[in-house]
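Okay, thanks for coming, everyone.

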Amino acid sequence: MGFNFFSRKRGVESVSESATATATAVLERPVRRPRASAAEPFEPAEPCKLPKDSLLRQVELERLGIILNNPEHWQDHPDIEEVYKAVSAEIDARFALVPEGFASLPLTVDDGPGCPEVDYETEAFLLSRYMVTNAQFQKFVDVGGYSELELWDREIWPHLIDFKDQTEEPGPRFWRNGRHNRRLADHPVVGICYYEAAAYCRWAGFRLPTEPEWQMAASWRIRSSANVLRRYPWGDALDTSKCNIWASGIGKTVPVHAYPNGAAPNGVLQLCGNVWEWTASDFEMTDAEGNPVVGDMLMKSIRGGAFDTYFPSQATSCFRTALASLARPHNVGFRLAMDLPQDG
Amino acid sequence: MSTGTTVTTTPSSTFGAGVECFVCGAANAVSALQCRECSASLALVHDAKAQEREPKVVSIVGESNVGKTVYLGFLLDMLSQRAGDFEAIPKGAYSIDLQQVVISHMARRQFPPKTPMEADRWYWAYYQILQKATNKWVDLVMPDMAGESLAAEVATPKTFRVINSLLSKSAGTILLVDAAMAANGSAHPDFFALKMISYIDAMHRAKRDERITTPTAIVLCKADHCPECFDHPRRFVQANLNRLWNLTESRFANVEFFACSVVGSLGYAASETDGYVTPVPLHTALRGVLEPFQWIIEQV
């Protein structure tokens, strides 16, 4: 298969035109609605209709990583080649290549110039251009993702019962009756804890980015003699027309496709602002005296800032912070990552 | 020009061309920096004289460590960045000190130092606020009072004359309550708020069948620890701060409930030598800071 991860154009028009109409139609449904907030009327999303065919069902559910990583599972399917091409094209459209590079993570919460850092070398990997949306997460909820124990870390099983929406149904905290507000279909899913984000990733065949990977993607510190990094994904200067933070004056989430002018060089959107992003990494920082900073429970690193981040310095590519792993706030979502396919 | 101001000059026989403290009314020498009686900043008086109108006082009260300084600091900073529908003009550099201290500390992920008990060391903010939608200008004085001083005054009235004077002059009151502590089952926030409200009630000396009409915003702070506050602040107060709820319902005619949070995530650093635990505000996430103020401004 041929990938085109550096393309900033989204869509399948640039790739194989032989992909089946069925698979393409299922995958290519841009959802664009006016901006809305949780305060607006709640309009429950319609249940998704799933094909009976096992392979097309996975396509409809957008479990692209599962299809891509398990081709042998459907090798007898009559349309496997076409579907596989369509899935490859969609991965190409939805993911961007983050080249190998460096990430220097500040070690102290007082993270001014000269603070101690730990250096990481990151391998090339794929990162989704957009955050996971409510509409995408709905599919995970609809097929019973919350009751598939193998998707969840064993230590969290006793807490699964707490992952309820406003009406005590399994789902993100701000949903109702297991449905998202369809006005927010293309907004990032929020009200999910680290474990819910990780379970979705596993279910879809992907993973969360690690903290060094996330920082590499946002700071674009590629391996070169120049050794430069970006303060923001688009460059070094804050520009509130390129991101959704408090100073942008919006005060709520925006669709995941917004702010194309704030993209990283490889076309990944909203690494700065809109909502914080869960990473796979545990939080390890100290205060200025070297005392570890801990929380009431396991803290996982979150990165990137959100629509309510007051200080622009806290929405930069290098700012580190964390949240309790079971917290389900209104301003944290996630995006998908995956290792490079072996065949390149 | 007829001004209607009550900022007056005292007889020169007493203090030369003296000034009257607009908080407590005491006469002071014109060169004095602080009121000799209540320690209020006299810069406010000079600035009020220059404006030729008396400012309104909005008091932000609550117990120690509830977050009054952080709340007020962020509120002022948001106003000076034209948040919401407001335009704010600080009168005098002293009005900017508090927000500068709060913002510079919080940006470095430290809480600002505790407000000292002594009134002569409090920060005072004097702002002209324009609500653009209504084209309404309001001159506001907002002092950052220490929680310990408030507690002492409530326990023994007239201990801090400045607090008594400020609260009696207040055109609006914002009472901050620790929602996180209340949600954990502690009755302490309820009792402190009850004392504070009963103090204000007693100060107004209203008759039994009269209810106090001064707008009073009850703000559930640290609501990020109990997000249900944001959904239904009124219901939260009724369930978790029932004593406060009952008293406000009986005695206050113009009360509204809000939820607010400033810190997005809180960590703790424990010193390995002395075991002292320092809270670390890992990042800010402002929510509900402006709304109580907006409501107060609409009422005054």
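Let me start with a definition: two strands pair if DSSP finds at least two bridges between them. The strands themselves are DSSP runs of E with at least two residues, helices are runs of H or I with at least four, and both are numbered from the N terminus. With that in hand, look at strand 5 and strand 9 (residues 332–333) of chain A, which pair in the parallel sense over two bridges. Within that pairing, A:W276 has A:V332 in strand 9 of chain A as its bridge partner.

Before I go further, some housekeeping. This is a predicted model, so local features need pLDDT of at least 70 and side-chain atom pairs count only at pLDDT 80 or more, while totals for chains, interfaces and linings use all residues. Residues are numbered from 1 along each chain as its sequence is written, chains are lettered from A and ligands numbered from 1 in the order in which they are written, and side-chain values use heavy atoms, with hydrogens and water left out.

Back to strand 5 of chain A, which covers residues 276–282. How does it pair with strand 7 (residues 299–303) of chain A? In the antiparallel sense, over three bridges. There, A:D282 stands opposite A:K300 in strand 7 of chain A. Strand 5 of chain A is also mostly covered, with five of its seven residues buried. By buried I mean under 20% relative accessible area; exposed is over 50%, and partly exposed is in between, using a 1.4 Å probe and protein chains only.

As for contacts, meaning heavy atoms within 4.5 Å, take the ones in chain A between residues at least 6 apart in sequence: 73% of them join residues at least 24 apart.

Next, a sheet. Chain A has an open one of three strands, in the order 1-4-10, with antiparallel pairing. Which strands sit at the edges? Strand 1 (95–98) and strand 10 (337–339) of chain A, each pairing on one side only. Neighbouring strands of this sheet are turned by 30° against each other on average, direction ignored. Those angles use axes, which are lines fitted to C-alpha atoms (for helices, over the stretch in contact), and run from 0 to 180 degrees between N-to-C directions. Strand 4 (residues 125–128) of chain A is joined to strand 10 of chain A by three bridges, and A:L126 stands opposite A:M338. Helix 4 (residues 80–94) of chain A lies across strand 1, strand 4 and strand 10 of chain A, at about 65° to strand 1.

A:E62 has a positive phi of about 65° although it is not a glycine. A:E62 is found between helix 2 (54–60) and helix 3 (64–69) of chain A. Is A:E62 buried or exposed? Buried, because its relative accessibility is 13%. The other one is A:N177, with phi near 55°, in the loop between helix 5 (134–142) and helix 6 (194–204) of chain A. A:N177 counts as exposed, at 54% relative accessibility.

Over to chain B. The axes of helix 5 (residues 147–155) and helix 6 (residues 161–169) of chain B come within 9 Å and cross at roughly 85°. That makes helix 5 of chain B roughly perpendicular to helix 6 of chain B, a label for 65 to 115 degrees; under 35 is roughly parallel, over 145 roughly antiparallel, and the rest oblique. Helix 5 of chain B brings B:S149, B:L150 and B:E153 to the contact, and helix 6 of chain B brings B:R161, B:I163 and B:N164.

Last, two strand residues in chain B. B:K56 lies in strand 4 (residues 56–61) of chain B and is partly exposed, at 38% relative accessibility. Leaving aside neighbours within four places in sequence, its contacts include B:V138, B:A171 and B:V300. B:T173, in strand 8 (residues 170–178) of chain B, is buried, with a relative accessible area of 4%. With that same exclusion of neighbours within four places in sequence, B:T173 is in contact with residues including B:S59, B:I200 and B:I296.
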